Amino acid sequence: MEFLSRGYKGLLGEKGQPQSVEITISKLCDRASNSTLLEDRRAAILGLKGLSREYRLEVGEKSLGALLHILNEDRADIDTTKAILEVLNILCTPDEQQEPAVDLGVRFTDEIVHDSANINLLLDLLQEYDFYVRFHNVQLLGTLLSIRPDRVQDCILTAPMGISRLMDLLDDRREIIRNESLLLLIALTENNADIQKIVAFENAFERLLEIIAEEDGLNGGIIVQDCMQLTHNLLRYNVSNQNFFRETSCIQRIPALLGVSLDYKHKNYEIEFLAQEWQEQKVTNTIALLELIRILVVPNNINTLNNQNVMAQCGVLKTVVELALSSNAPSSVKAHSLYALADLIRGNSSSQEFLARTVVTVPYSSQRSDSTQNLTSDSNLKSNRSSHEQVPTLPPRPTVMAIIAVAVGAEHIESYTARAAATYAFECYAYNNPNAQVALASTLTPPPDDNPNSNINTAKPQSAGSLLLSALLEWEDSEADPYVVWFSSVIFSHILMNNEKSKELARGIMIGEEDNIDDHIPLLHSIVKNLILATRQNADVRVLIGYLCVLCIWLWDSPHSVKEFLSKDAHLQILIGPITQSSGVDSRVQGLCATTLQPILLNRIGADQFVNRITRLRESPHFKHVPQYIQVTPEEEARRLPELYFEYAFVEFFKNNYEKIQRSIITDPKLTSGGSDFQGDHDSSMISSLKFVILTQEQEIIEFKETIRQLAEQLEIQKSSSEQQITSMNEEIQSLKQTIETQKSERIKLEKEHEDLFVCLADQDANIKKYRERLVELGAEVTDAEEDEGDEDDDE
């Protein structure tokens with residue numbers, strides 16, 4: 001009652017009448033700052049807390065400095081500390097409806113973070129174990145960090161033990177504190193390499209993996225997602241942290257999180273993945289873990305090759321393959337798995353060979369469609385089979401064939417997102433892998449009609465090549481799904497790209513009825529025939545672009561292929577026609593037609609028109625803004641068809657040869673390395689060959705220089721980061737040295753004061769003894785107690 005009475009009287013004027021808010025706040029601030037009793041100061045702070053929500057401006061202007069001072073002086077009192085932290089939280093919380101320039105939360109935040117001692121004070125208060133003190137303190141730090149991230153990051157980075165105290169909060173057994181601390185660390189590690197390194201070396205990875213394990217792995221809640229997000233922040237673009245993550249054997253813990261399939265037993269091939277339940281949060285957590293894998297193997301990173309090898313050895317690659325192709329996972333999870341698979345094998349010959357010799361089991365499409373018809377929604381998907389129930393599956397088939405089946409839509413259940421990811425996975429499989437290109441080109445045979453597995457659509461093709469060929473030539477169904485042709489065209493292009501042996505094998509493929517050899521035509525002619533028919537019937541432009549891209553790749557720098565193409569007069573007309581039309585033809589189709597063919601264009605079309613067509617192609621938005629890897633956005637997935645027209649590898653191929661293509665219209669083909677004079681003499685052939693070798697070597701030199709430049713940039717980044725870390729550590733050492741010197745000076749001062757006190761005490765004893773003797777001389781009586789006291793003083 002006494003407390004309530006004091007609080008009430010503080011709101012009354014001299015005659016007991018209510019007073020204005022400004023006067024009340026001023027009195028409360030004065031009482032909080034000057035009252036001698038702790039209870040009075042606390043009561044005033046609680047009064048300010050009650051007014052702070054409605055009168056933020058008045059309370060903040062009059063009390064902010066006083067509150068920070070009291071927080072420093074009375075930090076030992078839990079109730080006072082808790083109340084001040086609550087008030088500061090209220091004052092600094094931004095108003096989303098206000099502009100930052102006039103937002104009171106921004107204004108008061110600036111006042112607090114201006115002095116780094118205030119941030120140090122909050123970090124010191126984290127040592128207090130009280131729940132509410134820690135909770136409000138972490139929330140306040142998070143609020144300050146969200147408004148002024150750079151300043152708060154700098155203060156925390158330079159504060160002694162600051163990051164260590166934040167990391168210790170992860171060990172708090174109270175989930176609310178731990179979860180709030182995770183959110184704070186996620187914000188703190190955004191775009192600050194120095195903080196990321198210190199956090200990592202505070203055993204962050206081990207702690208985060210332990211929390212994930214305690215939360216039941218990927219089956220856990222949003223806390224698992226937060227742990228993954230913090231791990232992403234620590235690893236993305238941070239080479240040293242990636243090394244630390246690998247060297248501390250954290251990569252080896254990834255397969256256990258994803259789950260590993262059971263050993264294959266009998267012909268029904270039980271698969272543990274088909275017994276999983278895919279709740280929405282589990283989908284999110286799994287995608288986050290797959291994104292973590294991709295961060296570690298991002299293309300052109302100095303650590304990628306080492307991380308790829310470790311992931312192949314510890315089973316990450318195998319598990320990702322199974323998740324992508326042998327599980328009942330939602331389509332979004334499969335898409336991210338295929339992207340992770342792509343980055344795991346890109347440019348790594350041993351991983352590419354592993355994929356080539358691996359087989360997977362896939363459930364029947366008819367069986368899977370019942371439980372996966374809502375895959376694209378990616379929410380609340382559950383398996384209706386127990387882990388002990390046999391799952392009908394197709395016979396094992398090569399992994400590469402399974403990837404092609406997903407890409408070309410042979411499964412009839414996968415989303416465009418998953419099909420785009422599968423196409424990118426195949427691109428990475430063929431990247432710098434000429435043996436795989438030739439091996440796949442050798443399987444390009446039409447599927448037989450009497451296939452014993454013909455009752456199963458996805459099993460009908462006997463090889464990866466025959467499956468691809470079927471999709472490539474079946475353009476008649478393009479109205480329903482033009483991406484059957486488009487994806488298969490991209491895959492086929494990567495089989496042929498920069499590989500004359502593959503082109504030779506493809507030229508030997510004949511298409512036609514088996515019982516009528518006379519009707520057989522070469523595959524190249526069959527593709528051109530399909531292009532002609534698709535053009536006449538106004539097929540989707542994606543079909544035309546797909547076929548034309550294949551022709552560009554196939555005919556480029558391949559004289560024998562060009563000769564075969566020109567063996568039919570109609571082939572010229574199908575390319576020249578769209579170029580010469582002034583309207584009614586897609587500019588992208590016109591540009592691709594111009595790129596495909598050089599002979600006789602000068603006379604039939606003209607150099608200006610030729611250059612104009614390929615320039616318009618290059619300036620096309622769909623050509624200019626192609627992402628680095630094939631992907632379908634959620635917005636595009638929601639529409640009927642995504643906006644995929646070109647893929648990155650073809651765009652790079654075109655840009656690299658753009659100048660050469662432009663010059664080719666006015667250059668004699670016989671004088672270029674890519675030209676061909678099949679009747680020419682030995683010298684002409686030798687010159688062309690040498691020119692080709694020189695051009696190839698020049699391209700290699702350019703690539704080597706680019707690699708050296710990238711490595712130099714990475715080295716410079718590492719050097720800069722190391723220098724910043726050394727500077728930070730030196731500053732911390734200097735700070736500690738200054739603290740030690742200050743403490744040493746204070747100790748010397750105390751010792752001097754101690755000696756002075758002894759001297760003063762000795763002087764007082766001498767004076768007392770002298771005065772006592774004087775009293776005796778004057779005849780005064782000295783009591784025994786005084787004598788004893790004098791003796792004791794003498795003893796001392």
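## Review note: rings, cavity and buried core

1. **Starting point.** Tyr-339 is buried, at 5% relative accessibility. Buried here means under 20% relative accessible area; over 50% is exposed, and anything in between is partly exposed (1.4 Å probe, protein chains only). The model is predicted: local features need pLDDT of at least 70, side-chain atom pairs count only at pLDDT 80 or more, and totals for chains, interfaces and linings use all residues. Residues are numbered from 1 along each chain as its sequence is written, and side-chain values use heavy atoms, leaving out hydrogens and water.

2. **Overall make-up.** The protein has 796 residues, of which 48% count as buried. It contains 41 helices and six strands. These are DSSP runs numbered from the N terminus (helices: H or I, at least four residues; strands: E, at least two). Contacts between residues 24 or more positions apart make up 72% of those with a separation of 6 or more. A contact means heavy atoms within 4.5 Å.

3. **Tyr-339 and Tyr-424.** The whole structure holds 12 aromatic pairs (Phe, Tyr or Trp rings, the six-membered one for Trp, with centres within 6.5 Å; planes under 30 degrees apart are stacked, over 60 edge-to-face, the rest tilted). Tyr-339 and Tyr-424 form a tilted pair, because their ring planes meet at 50°, with the centres 5.9 Å apart. This pair joins distant parts of the chain: Tyr-339 is in helix H20 (residues 331-345) and Tyr-424 in helix H24 (residues 416-430), 85 residues apart. Tyr-424 is buried, at a relative accessible area of 4%.

4. **Tyr-483 and Trp-486.** The ring centres of Tyr-483 and Trp-486 lie 5.8 Å apart, and their planes are at 75°, so this pair is edge-to-face. Both residues belong to helix H27 (residues 483-496), three residues apart, or about one turn of the helix. Tyr-483 is buried at 0%. Trp-486 is buried at 2%.

5. **The Phe cluster.** Ring pairs connect Phe-201, Phe-205, Phe-244 and Phe-245 into a cluster. Phe-245 sits in helix H15 (residues 239-247) and is buried, at 2% relative accessibility. Beyond its neighbours within four places in sequence, Phe-245 contacts Phe-205, Thr-231, Leu-235, Cys-250, Ile-251, Leu-292 and Leu-296. From Phe-245 to Leu-296 the C-alpha separation is 9.4 Å, across 51 residues of chain.

6. **Charges over rings.** Two cases are worth a look. Lys-282 lies over the face of Trp-278, 4.6 Å from the ring centre. Arg-346 places its charged end over the ring of Tyr-431, 3.9 Å from the centre. The test asks for NZ of Lys or CZ of Arg within 6 Å of the ring centre and within 35 degrees of the ring normal.

7. **The second largest cavity.** The structure has five cavities of 30 Å³ or more. By class, the lining has nine nonpolar residues, three polar and one charged.

8. **How the cavity terms are set.** A cavity is a set of points, on a 1 Å grid over the protein atoms alone, where a 1.4 Å probe fits but cannot get out; lining residues have an atom within 4 Å of a point. Points are joined across faces, edges and corners, and the volume is the space filled by probe spheres set on them. Ala, Val, Leu, Ile, Met, Phe, Trp, Tyr, Cys and Pro are nonpolar; Asp, Glu, Lys and Arg are charged; the others, Gly among them, are polar.

9. **Helix H26.** In helix H26 (residues 464-473), 10 of 10 residues are buried. Among them are Leu-467, Leu-468 and Leu-469. The buried residues of H26 pack against helix H23 (399-407), helix H25 (434-441), H27, strand E5 (510-511), helix H29 (523-536) and H30.

10. Gln-196 is in helix H12 (residues 193-201) and is buried, at 6%. Thr-143 is in helix H8 (residues 131-147) and is buried, at 14%. Not counting residues up to four places away, Thr-143 touches Asn-89, Cys-92, Thr-93 and Pro-94.

Key:
1 Å grid on protein atoms, 1.4 Å probe; cavity = no way out; pocket = protein on both sides within 12 Å on 5 of 7 lines; lining within 4 Å.
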